[in-house]
Amino acid sequence: MTYEEYFMKNFLKVMFGRVMFTVLCVLLQLAWMIVLIWKLNQYFVWFSLFQEIIALIVILRINAKSEFSAARLVWTIVILALPLFGIMLYLMFGRRSLTRKQRKRYALVSERFTSKLSQDPDIMQTLEEKDIYVHNQSLYIQKSSRYPIYTNTQTTFFAQTEPALESMLADLKKAKHFIFMEYFAIEDAQAFGRIKEVLLEKQKEGVEVRLIYDDFGSIGFVRPQFMRQLNQQGIQCRIFNPLVPFLYIFMNNRDHRKITVIDNQVSYTGGFNLADEYFNITHPYGHWKDTGLRLEGDAVASHTTMFLEMWNFIQETDVTWDKYLIRCIRSEEVLGDRHVGTDHSAISSVCASSAEATDCSHIETTSRRPGSLKASDSRSGYVQPYSDTPLDNVTLGENVYMNILKSATRYVYISTPYLIIDNEMEKELKLAAQRGVDVRIITPAIPDKKLVFLVTQSYYPSLIEAGVRIYQYTPGFIHAKGYVCDDKIGVVGTINMDYRSLYLHFECATYLYDCPAITDMKADFLDTFEKSEEIGPDYCNSRSIFIRGLQCVLRLFSPLL
């Protein structure tokens, strides 16, 4: 059986086995309500009045929340136009948070794990002396997510995912104690097959292996029995937010994070999932452009904590977890007089190298000319991994992005696969460009979601008019989510510039300041600009009336996409 045949067979099996069953259940529920209304026709006036009162209450409730303003407008229109259907649709797809019980449990689990992390005040003092803006941005991230900023961390930026995969495989093979992996999408195919082979080998050697994947993100990529088979083979596996019709229909909040942690020494993050298309093994949308980040040193402890937090939110099983943060604590003999940014008395974060420290010699190096980027230097900088959750009222991911735009003096380069932004973000992009900052955004030329792509393009005219430069990556699909600013600030992570990433998903990113990786990030952007087509006013004006009308409608309903 060819890969394509296997993929389609698996995709159809999953789609018709779970998603279609969910859709069928919804249709049956609608049919049942229609029958009830027909049978109770004599009470139609009273039933209609009751329905409108309930709809009004729901609308008032929606508008009382601190939601994305566009989302409030959409749900108000839908519910007023079709009260019964609109309310059902909102309950299934419009609720921003999980249940109150789940929010409370997540807060308790998060407090348990992040309480082990503490900020080294000397780092903050030095940072304040170097750059007060970056100090304040870091302080904001700490207060919002409770993840500190670190030094003593090597950063390696990967401009493409193929070398990132090879580096990750080399590090996985050196694991001594544990491997944690958390991904939105996993495909049981060639790329993950190579990873799985290493995981099974390490498990036999006594290494603890844990894996989390999002059920919705992996639809079509794995069989329903995938988790059970991994558990039987010794790989501890859990599914985030499984799709279970009737029993659990609130599907909006997904785990969109991408994290690999090895022995609390090395971690990987970025835009790529563990599916073949991300490594250009398959090419459904032309060349797939994505980026990754490798950390080695103190900051890895934050990724370890993020994983443990999610693992125990799904099912709380870790009575003690200090061993995962203790295993490779760097001794003072190794560090000398340098601070590690932790509270050793609490056995808090951060560990780094011991005699078993991970070797970086496997990272391939080439010339640093554009298109042939090498792994970043081993010099440190300031590194702050952080997570964003939909269970609070803080849009951390969006605010970090907007703060970068507000502080920029020379340039801000941005890559995002989707551009569905609110008025505040659009305003900051325009203001930065209008005060002379070189603001450039790269989006795909070959989309993976055509309707979302039309909405993305609907933002082009007003941004271009304000001076923002828009590029489309002509070789294919760009999935990288990155910011680089003024040669000193960078963000690499999982946070798209769309409503779902900024408001609904569990996300993660890494804030970088004065790190060698930023030089490589800028070089990658410059290289990507050369491979992309700059969009001008003529491109926007050439759209047909039909496309413009469709974009207006889609723009209205963009929070639902």
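## Cysteines

No disulfides here: the count comes to zero, keeping in mind that this is a predicted model. The cut-off is a pair of cysteine sulfur atoms within 2.5 Å.

As for individual cysteines, Cys237 has 5% relative accessibility and Cys508 has 1%. Buried means under 20% relative accessible area, so Cys237 counts as buried, and so does Cys508.

## Nonpolar cores

Nonpolar side chains tend to be buried together in soluble globular proteins. In this model, the largest nonpolar core takes in 94 residues. Which residues have the most contacts inside it? They are Ile195, Leu429 and Tyr483. Apart from that core sits another one, with 48 residues, and Phe178, Phe307, Leu308 and Tyr411 are among them.

Leu429 is worth a click in the viewer. Leaving out residues up to four places away in sequence, Leu429 touches Leu405, Ile414, Ile421, Val439, Ile441, Leu463, Val468 and Met497.

## Cavities

Rolling a probe the size of a water molecule over the atoms shows where empty space is left.

By type, the lining of the largest cavity splits into nine nonpolar, four polar and three charged residues.

Note on methods:
Residues are numbered from 1 along each chain as its sequence is written. This is a predicted model: local features need pLDDT of at least 70, side-chain atom pairs count only at pLDDT 80 or more; totals for chains, interfaces and linings use all residues. Side-chain values use heavy atoms; hydrogens and water are left out. Buried means under 20% relative accessible area, exposed over 50%, partly exposed in between (1.4 Å probe, protein chains only). A nonpolar core is a set of buried Ala, Val, Leu, Ile, Met, Phe, Trp, Tyr and Cys residues joined through side-chain atoms within 4.5 Å. Contact means heavy atoms within 4.5 Å. Ala, Val, Leu, Ile, Met, Phe, Trp, Tyr, Cys and Pro count as nonpolar, Asp, Glu, Lys and Arg as charged, and the others, Gly among them, as polar.
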